[in-house]
Every structure is written in structure tokens, then in C-alpha cells.
Amino acid sequence: MDQRSGNSVGRRLFHRLMGWETGWWNDLKEGGRMSDMFSKKSLAVGVDIGGTHIKLGLINEQGEVIDHYSVNLLRDETKIADIALISQEVANFIEKRNVRNQLAGVGVACPGILDTTLGVVKFAVNLGWNELPLVEMMQERLKLPVRLECDATAGAIGEWRYGAGMDQSGFLYVCLGTGVGASLVVDHHIYHGDLGPAINIGHTSVIPDGKPCKCGNRGCLEKYVSASAITDRVRMELDTANTILSKWVQSRALDSLLVYEAAQQGDLYSKEVFQEAGELLGVSLVNCLQLFGVGNIIIGGGFSQSGDLLLEATRKTVRARFPSDDVMKVNIKQASFPTTAGMLGAAANIFQ
Ligand SMILES: [Zn+2]
């Protein structure tokens, strides 16, 4: 469950003053390169805006990541992400690599409720954004085409074009990260709902009277099956549970990776935490199988790197609960790009 970041992981300064007064910006002001914006180019920048940080990648049409890194761009106190800082970070990324002339555009993957046609983030609670015209704002700053996509859908596109979903006509993609997102490919098309987020299984209830969720529902899947859910659960139970974590947290920060390490070392409590989360994911996937009948399921997101520790219980639950002879055809597998599929898919959108 490493938080994969690129060769600039330690670089948390924003280089705010670079790039804006010289180079391409002056060229653009002089009208030099605007005509190049929509011509055929071989590279794209993929930007994946997450709940705690953003990832940027320079990606070619074959899905090869030429360079990438991640950076925290959230204001810690308010948890509000700043679109100007994100744009500036993208601009610096482009300028440092001197690739502007080869860029077809910038693809952005973002959580929340979006209008991807208008390029507007209608509501992203974790980012503090409301009715934010992201595409317009970024295009104005970057002077490049920008395309917005829902983060889970971008992840599905990334796996579809370059990874575990290649050559498949249909699959369900589930992204286990800070929360839980999902997207559905049916008959070679991404399924888009009419009412906003589709296949939003993170906010479907798996326990009727379960934990209250900020969405207004109770017992939502992502309150139990996500990196933050695991951490929250263990934190609440630490005083009474019989676990090696009680000792470990005296010298290390409690997070899902620590629980994973404890489970790997045979800590029964930690194993049980993952197993129970895996079972609830299985309950949710059975509901999806009943609704959509898509047997190929790809599990991505950083939390999916817990692998069989989580997914063994998921597969067992699906086999036990899905009342069909076809249950043996259900294929639940890990994503090829657990932490970079969103970035890849966002960039792939630019090449379409
Ligand atoms: Zn919810």
C-alpha cells in the first residue's frame, strides 16, 4: 500500500514564481503558440486530484508514464484545494520538462459530483469545492485544452486502455482509496447516469443501521472498506482489542498500512479487520452482480494493494451469496495500476 509518488516526492515547494513571467507565458501573450493547441500532439499531462494530494504524470499515447510525482496541495486547516496552486504546479511540471510543444492537453480526474460536459465540479465535499468551473479556470491559466473526468471513471479508463481491463467489452471497476468509487464499462462504453454519479457504490448501504455518513445515508460501504475506515475502526477499538498495534502505536502513527503490516505478521485482530472489510465488499459486489451482471471486476485504488488479505474474504463472500451457476465465472482481480489508473485515464481522455 505504498503511496506511489515519483522521483520528486520530496519536493513540496510549489515554485510559485517560476514559469509565469517568462518562457511560454510570454510566448502566449505574444500570440505565438495558441494555434498549436488543438493540433496532433503525442503527450498529455494526467492530473489526479485526491482527498489529500494530487498526482501529476507526463504520459504518452501508449500509456507509458514518462515522469510523475505527487504533491500535497490542500490547505491543511480548511481542507480546501486551490485551483490556482494546482494550475501553477501543472505549469511548472510542463515547463521543467520542456514539453509544451508536444502536449495535446491536460486531463484532470476529480472526485465529487461533476458536469464533465461543462467542465464544472458541482460538489466535492472533501475538496471544499462547490460549482467550480475547473476546466475554464485551468484552461485560462495553462493555455492548453483541459478535460475533466470523474476520478473513478478515469481509473476505469486507465485500466481499460492500458491495464487489467484491456480488450474487455465490460467490467466493473472499484476504486478503494480514501473513499470508495466505482465505474462500469458496458458493451465497450462507460456507463454514465442521468442524475450525477453513477455506480456510486461507496455510498450504498451495507449495514442498515450502520455508521452515519456525511452523504446522509447510514452504513455506507466506504465507512467500512477504505483506508480511512480501517484506521478509524482500529483507533476506536485499540484500548480493548488484543493486538500488537497497541504497542506499535506508541512509536508509530496509526494508519491502514500499519494495520496491514500487523496482519502480515500474523496479528489475528488485524487480519480480522481486513477480513470483515473484505466480506462487506463482497456483499456490495453481489448487489452489483445482481444489478449489472458483469462478471469481470477490477479492484483498484491504494487500499487494493492489501491484496488477498482483503480480497480472499471478498471472493468467498461472493461465492457464498451469489445464487447463480455462473458464480464460478466471476473474476475479481486486482488492478494493474492501483495508484496511477486515474492519472492514466485522465490523460487517455485527451487522446480520444
Ligand atoms: Zn455515504
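Analyst: **The zinc site and its setting**

Four residues coordinate the zinc ion: His203 through ND1, and Cys213, Cys215 and Cys220 each through SG, at 2.0 to 2.3 Å. These values, like the others below, come from a predicted model. Along the chain, the donors of the zinc ion follow the spacing H-x9-C-x1-C-x4-C.

What is the geometry of the site of the zinc ion? The angles among the four donor atoms run from 104 to 123 degrees, and the site is tetrahedral. For four tetrahedral donors, the ideal angle at a metal is 109.5 degrees. Of the coordinating residues, Cys213 and Cys220 are both buried.

The wider chain provides the context. The protein chain has ten helices and 15 strands. Of its 352 residues, 54% are buried. Its accessible surface is about 16400 Å², and carbon and sulfur atoms account for 49% of that area. Among contacts between residues at least 6 apart in sequence, 64% join residues at least 24 apart.

The largest nonpolar core has 46 residues, and within it Val174 and Leu281 touch the most other members. The elements that give two or more residues to this core include strand S11 (171-176), strand S12 (180-186), helix H5 (227-237) and strand S14 (296-300). Helix H8 (268-292) is also one of these elements, and H8 gives the most to this core, with ten residues. Leu281 itself touches Val174, Leu176, Leu221, Val225, Ile299, Leu310, Leu311 and Thr314, leaving aside residues up to four places away in sequence. Apart from this core lies another, of 37 residues, among them Tyr69, Ala124, Leu132 and Leu144.

Arg100 is found in the loop between helix H2 (83-97) and strand S6 (103-110). Is Arg100 buried or exposed? With a relative accessible area of 8%, Arg100 is buried, because buried means under 20%. A polar atom of the Arg100 side chain lies 2.6 Å from the backbone oxygen of Leu142.

Conventions: Residues numbered from 1 in each chain as written. Predicted model: local features only at pLDDT ≥ 70, side-chain atom pairs only at ≥ 80, totals over all residues. Heavy atoms only, no water. Core = buried A, V, L, I, M, F, W, Y, C linked by side-chain atoms within 4.5 Å. Buried < 20%, exposed > 50% of the residue type's maximum accessible area, 1.4 Å probe, protein only. Helix = DSSP H or I, 4+ residues; strand = E, 2+ residues; numbered from the N terminus. Contact = heavy atoms within 4.5 Å. Polar contact = N/O pair within 3.5 Å; in protein donor to acceptor, adjacent residues only side chain to side chain. Donors = N, O, S within 2.8 Å, 3.2 Å for Na, K, Ca; no water. Tetrahedral: all angles 85-135°; square planar, octahedral: opposite > 155°, others 65-115°. Areas by Shrake-Rupley, 256 points an atom, 1.4 Å probe, with all protein chains shown as cover.
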